[in-house]
Structures are given as C-alpha cells and as structure tokens.
Amino acid sequence: MPKVQPSRRSKLEPPEGWSDLEPTLLEFKQKMRDAENESAAGKRRVETTWSVMRVHHQRSRYIYDLFYKRKAISRKLYDYCVKNGHADANLIAKWRKQGFEKLCCLQCIQARDTAHGTACICRVPKAKLEEGRVVECVHCGCRGCASTD
Amino acid sequence: MAADAGDGVEFPILCETCLGDNPYVRMTREANGRECKVCTRPFTVFRWLPGRGMRYKKTEICPTCAKLKNVCQTCILDLEHGLPVQARDAALGIESSVPQQAGNRRDYAARTAGSLEVVSGETDFSGRADPAGREMLKRMARKGPYYKRNRAHVCSFFVRGLCTRGSECPYRHEMPEGDPELSKQNLVDRYHGNNDPVARRMLARASKRPSALAPPEDKSITTLFVMGVEGAAGQRELHDHFGAYGELKSVSVASKGACAFVNFTTRAAAEAAAHAAQAGCVVAGQALRVAWGKPRPKGPSAEASSAGAGSGSGTSGRTARIPAPPGAAGAALYPSQDPTAHGASAGSRA
C-alpha cells in the first residue's frame, strides 16, 4: 500500500514571518555569490576563501541573534532558515556554549587537523599573546575570537 | 627503499642555534617529506619553531650528507664551531671526498650511508690533530649560539615598497643592512665549501686582523706572554721551543694561571718567535696562545712598587713583576734601590 503523503504544500510554504527576513537573507545570498565569484588575483592562496567565510559567519550570526538572543522568530522559521542554508546549525550550536560565544569558524577549533593537536591562533586571548602581536588566522582571516576579548 | 636517506630517524642533526633556546621544542616529522638539497634523495624532514618571535625552520639536507661534512642539517654550518664549511676546511686543511657533480653525489651518499661512521670518523673535523688550526677556528667562531639568525626573513615586498600586509606581515619590515655581497649564497656551494662569500670574508678578516702578535711600539719589550700552558707543556718544553728563535733570558711558568712569560734577550728574537706563533703554536701537543708582554714599569716608579708591596707576594706568580720588599715603598734614591729595575725574574722561583 502506498504511503499517504502529507500535503506537500504546507512543507514548501515558508513559515510565518519569513517575509520580514527575506530581503536581508536575499542580500546575504547575493553577497555570498559575489564573494564566491571574487577574483583571486593579488591574494595569497589562504586568503581566497576568507570573504566566503566572512559572509557565512555574518548570516549565521544574524539568524542566531534573531532566534536565541532577541527571540524574534519562531522555532519553525529558524528550522526553515537552517534547512534552506541561510544559517549553519553546527556553528550556532557552538556559539551557545560557554567560551565559544564569538567563534569565527568551525575549522579553527578542529584540533585534529593541526600538527600538534591545538586550536587555531585566533582562539588565543589577546592578553595571552605577546605585546603588539597581530594575528590573522589562515582558515578564515580571523583576528581573534576568544570570548574574553 | 634502499635509496632513502635516513629511514626511521628520531631526531635531526642540528646546531644549538638552529634548535633554539626552548628546551621543550615541538617538532613535526615527515618521513620522506622532501629531497635532500645536496644529494637529491628523499629524507625525513623535521620542522619546528626555534623560540618565540622566530621563524619556523626545517631540515634542508639529509643526515647522511650532514654527517659526511659534520654540519647542521639546517644551516650547513659546522656542528662544533658554527663556521662555514669553507672556513673550517681551510683552517684544518681538510680535503673533501664528496663528489661535487649531482649524480655522483647521490650515488656517493647512497653508498656511504651504510659505512657512514667509518667515512666521517676518518676526517678530523674537530681539529684534534691540528691544534693550530683548532686555535684559528676558535678565534673565528662565535662564543655562544646566535639566535638572531632564526628571526623572520626581511620582507622582500617591503624592501621594494610594495608590502600591503602592514602589521600583519610575518616577515621583518626592515631594510637589509650589511654587505649585499653576502646575500649571494647557494646551499650546495656552501655545503661543498666553494664560493662562499661569508667564509671568504671570515678568512680574510682572520688573516688581516691586527692580532695580539703585532710587535708593540715599545722596543724595550722582549717578553712574550704564553697562555694555555698545561699538561705536558712545562718550562723545559717552552725553553726548547722558544729557544729556537734566539737566546732566552728566562722562562717563568705560573702553573696556577696556566700561563708563562718568555723573556728573550733581543727584540729580534722575540719578534721572530711572535711571527712564527701567528700560524699557531704547539708545544708538547698543547695549543698555546701567544701574546706580547705588557711593558714593565720602568725605572724608579713609586706607584708600581707600592702596588706590588700592597698586594704582597701572592700575586707574583701571575706577572713577571717582582713586588718590592715591604718597606721599600719610599722613593728610590738611585737605580739599584728600585727592585723593578733589577734583572731578577720570577723564573728562578717558579
């Protein structure tokens, strides 16, 4: 016996409140396109992905703020945004944890990917770096994302 | 693979400077990570940070090539003295047995890898058999590790005025100083000791340096000060060695300070001995350092005699100057009253 399909219409339709977010998220989408198509001329090899990482962070942060901080959108709408790729659920999950409130990207805490099993230099609090040291991490160009900074 | 240089190597062959000042240095090891820049065989590459604010360093040549020349795997400087191969080999008169043509070099390194201890043991890199050469190396070498060498390189974009990275730039934003000739270096040439501008300058400087052996202005000085008098080198040996240059007035050895004064009767003899000592002075297997003596206080000098009287006879072993007897501190009335003008020497008491 064929399975009874729930109405596809309700699934496809965006939840309530979507129209308020839509212009901003479309703008982010356009920004992401531009970042993806940016020319790599004059950039170092590691620098080429930084602009993509930045837009990705920005729009995840936007959804995170609306849902967890300002509580301005519904759970349904939040899930809809995550499902449609407007926010990174894994990154947001980290932001909800203590010590990771300002995390720049997931790569920077992936200790398994580094030679000595350490996190990225951008995770080091400014107070613990030597005086006058400017860091710019290779993964996303972050200049420091320790929660104490 | 038999062609690999250094399988399962646990630690690189490094000089103190390249290792850095941190005793807890972390290294990454990559087996067969790169080819040796000298013999072009794959080898285990190590990479580490030699201290805070320094640049990452890695091994550049394989341990086989490093052992053949007794050099650091990273900086290609001698392990013991930290000198370029060319400078060391010139001082010790070492003839290299490593072929200079690339293919031959690779073959030689592969063949000698097994019998390395024999090959490197044959050559006297430390200069044990050649004390004079060893003295020369010691003169040219730095006293301690030179960590400034590990700093970041100068930013080439900054030099051209094109660096866009500003304060984030990990390279040094300074104009290069010093002789531009010295930057024209090549690792393989440095390894073989050919055409190395740094070594050339070092050797030129070592030969030109106004040494302690330049004859002093004061023509009355006929004394040579000899340092490093230890072991088998005693008064008799010194007498035999320096007697060859002319008549000796006295030889006084202070065994406590491991030094001696050799008094010649004539200035010409002293100059001849000093000239010969420039190339190194070896007596009974001991490498001695030779310098001209300091002028002794001349004639009746109240200052000298009072200083001698004050310090007593305990220090008389170090210098040839005889302290005035207590009570003689008063002004000398005529020459025979001044003990420093007397012909007696400490040699008779030593």
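Helix 3 (85-92) and helix 6 (131-140) of chain B are among what covers the buried residues of helix 9 of chain B, with contact taken as heavy atoms within 4.5 Å. This is a predicted model, where local features need pLDDT of at least 70, side-chain atom pairs count only at pLDDT 80 or more, and totals for chains, interfaces and linings use all residues. Residues are numbered from 1 along each chain as its sequence is written, and side-chain values use heavy atoms, with hydrogens and water left out.

Let's stay with helix 9 of chain B. Its buried residues (under 20% relative accessible area, 1.4 Å probe, protein chains only) are Pro197(B), Ala199(B) and Ala206(B). The helix (a DSSP run of H or I, at least four residues) covers residues 197-208 and reaches 16 Å from first C-alpha to last, close to the 16 Å expected at 1.5 Å a residue; that expectation is 1.5 Å times one less than the number of residues. At its N-terminal end sits a cap: a side-chain oxygen of Asp196(B) lies 3.1 Å from the backbone nitrogen of Val198(B).

Now over to the interface. Chain A brings nine residues to the contact and chain B eight. About 750 Å² is buried between them, 48% of it from carbon and sulfur atoms; buried area is the accessible area (1.4 Å probe) lost on putting two parts together, summed over both. On the chain A side, His116(A), Glu130(A) and Val134(A) lose the most area to chain B, together 59% of what that side buries.

Glu130(A) also forms a salt bridge with Arg52(B), the closest N and O atoms being 3.5 Å apart. The rule (a side-chain nitrogen of Lys or Arg within 4 Å of a carboxyl oxygen of Asp or Glu) finds two salt bridges across this interface.

Key:
Chains lettered and ligands numbered in written order. Helix = DSSP H or I, 4+ residues; strand = E, 2+ residues; numbered from the N terminus. Buried < 20%, exposed > 50% of the residue type's maximum accessible area, 1.4 Å probe, protein only. Polar contact = N/O pair within 3.5 Å; in protein donor to acceptor, adjacent residues only side chain to side chain.
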